[in-house]
Amino acid sequence: MENTKILVTKIQDEIKELTDSINDVVGTFKKMQAPLAESQAKVPEATQQLEKITEQTENATQQVIDRVESISNISEDIVNEIGVLRKALPATYFKNRSKIRDTIGNIEGKAQQNLDDAFLILNALQFQDITSQQIHQASVLMEEVEQKLQNLLSVFDGKEGIEKIKSIVQDKAFDPEANFGDMSDTQNHVDSLVASLSDKDEK
């Protein structure tokens, strides 16, 4: 009988210890729940801010591209008009008037330089596209984190099923591997094109 009492007391102590442990675990989970919920709530705000930055840089870059293309078109017109002028005037007109010949040559050279610079600027602006894709990738990853936090909080709250978060990331294709490393090839392409234009001028 005495042994039975001792065994019951021992079992009661074990159950109490187990209950205390469970309460500690539950308490720890509850403490974790608040910061997790706070983090989960901040993710959409950060994601939205990234999307806003992308939109603003896209708009600003497009304005620069429009102006550069306008300068490029005007410079191309100048080069073409000088070509027309040269054909319209007799060759002796330039031979006998070196100052006029040099001035027209300088205007043509500067217009061509504007074309070359405009081309380089347009290629350099590829950074915006690469940056946009990298930011988009970051936004997608943040929404994945938000979804995982949402799943974890659902478990804490004892909810059944997974509540899918509402995505605010724009649905567009992007290259997650986009980086500035590819710019070296682009620079080589630009150098090659500029060299070919110089050769054409010399001919």
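At what angle do helix H1 and helix H4 pack, and how far apart are their axes? Keep that question in mind while selecting residues 2-88 for H1 and residues 126-156 for H4 in this predicted model: the two helices pack at an angle of about 160°, and their axes lie 9 Å apart. Because an angle over 145 degrees counts as roughly antiparallel, H1 is roughly antiparallel to H4. Looking along the place where they cross, you will find that H1 passes H4 in a left-handed crossing. If you colour the residues of this contact by class, they divide into 15 nonpolar, twelve polar and four charged.

To see which of its residues are buried, select Leu 36, Gln 40, Val 43, Thr 47, Glu 51, Thr 54, Thr 61, Val 68, Ser 72, Ser 75, Val 79 and Ile 82. What covers the buried residues of H1 includes H3 and H4, and H3 is the next stop.

Select residues 98-124 for H3, which packs with H1 at an angle of about 150°, their axes being 9 Å apart. That angle makes H1 roughly antiparallel to H3, and the crossing of H1 and H3 is left-handed. On the H1 side of this contact, bring up residues including Ile 65, Val 68, Ser 72, Ser 75, Val 79 and Ile 82, and on the H3 side residues including Ile 104, Ala 111, Gln 112, Leu 115 and Ala 118. By class, the contact of H1 with H3 holds 13 nonpolar, five polar and four charged residues.

Buried residues in H3 are Ile 104, Ala 111, Gln 112, Leu 115, Asp 116, Ala 118 and Asn 123.

Finally, centre the view on Ser 75, which is found in helix H1. Is this residue buried or exposed? Ser 75 has 2% relative accessibility and therefore counts as buried.

Terms used
Residues are numbered from 1 along each chain as its sequence is written. This is a predicted model: local features need pLDDT of at least 70, side-chain atom pairs count only at pLDDT 80 or more; totals for chains, interfaces and linings use all residues. Side-chain values use heavy atoms; hydrogens and water are left out. Axes are lines fitted to C-alpha atoms, for helices over the stretch in contact, and angles run from 0 to 180 degrees between N-to-C directions. Helices (H or I, at least four residues) and strands (E, at least two) are DSSP runs, numbered from the N terminus. Angles under 35 degrees count as roughly parallel, over 145 as roughly antiparallel, 65 to 115 as roughly perpendicular and the rest as oblique. A crossing is left-handed if the near helix is turned anticlockwise from the far one by less than a right angle, and right-handed if clockwise. Ala, Val, Leu, Ile, Met, Phe, Trp, Tyr, Cys and Pro count as nonpolar, Asp, Glu, Lys and Arg as charged, and the others, Gly among them, as polar. Contact means heavy atoms within 4.5 Å. Buried means under 20% relative accessible area, exposed over 50%, partly exposed in between (1.4 Å probe, protein chains only).
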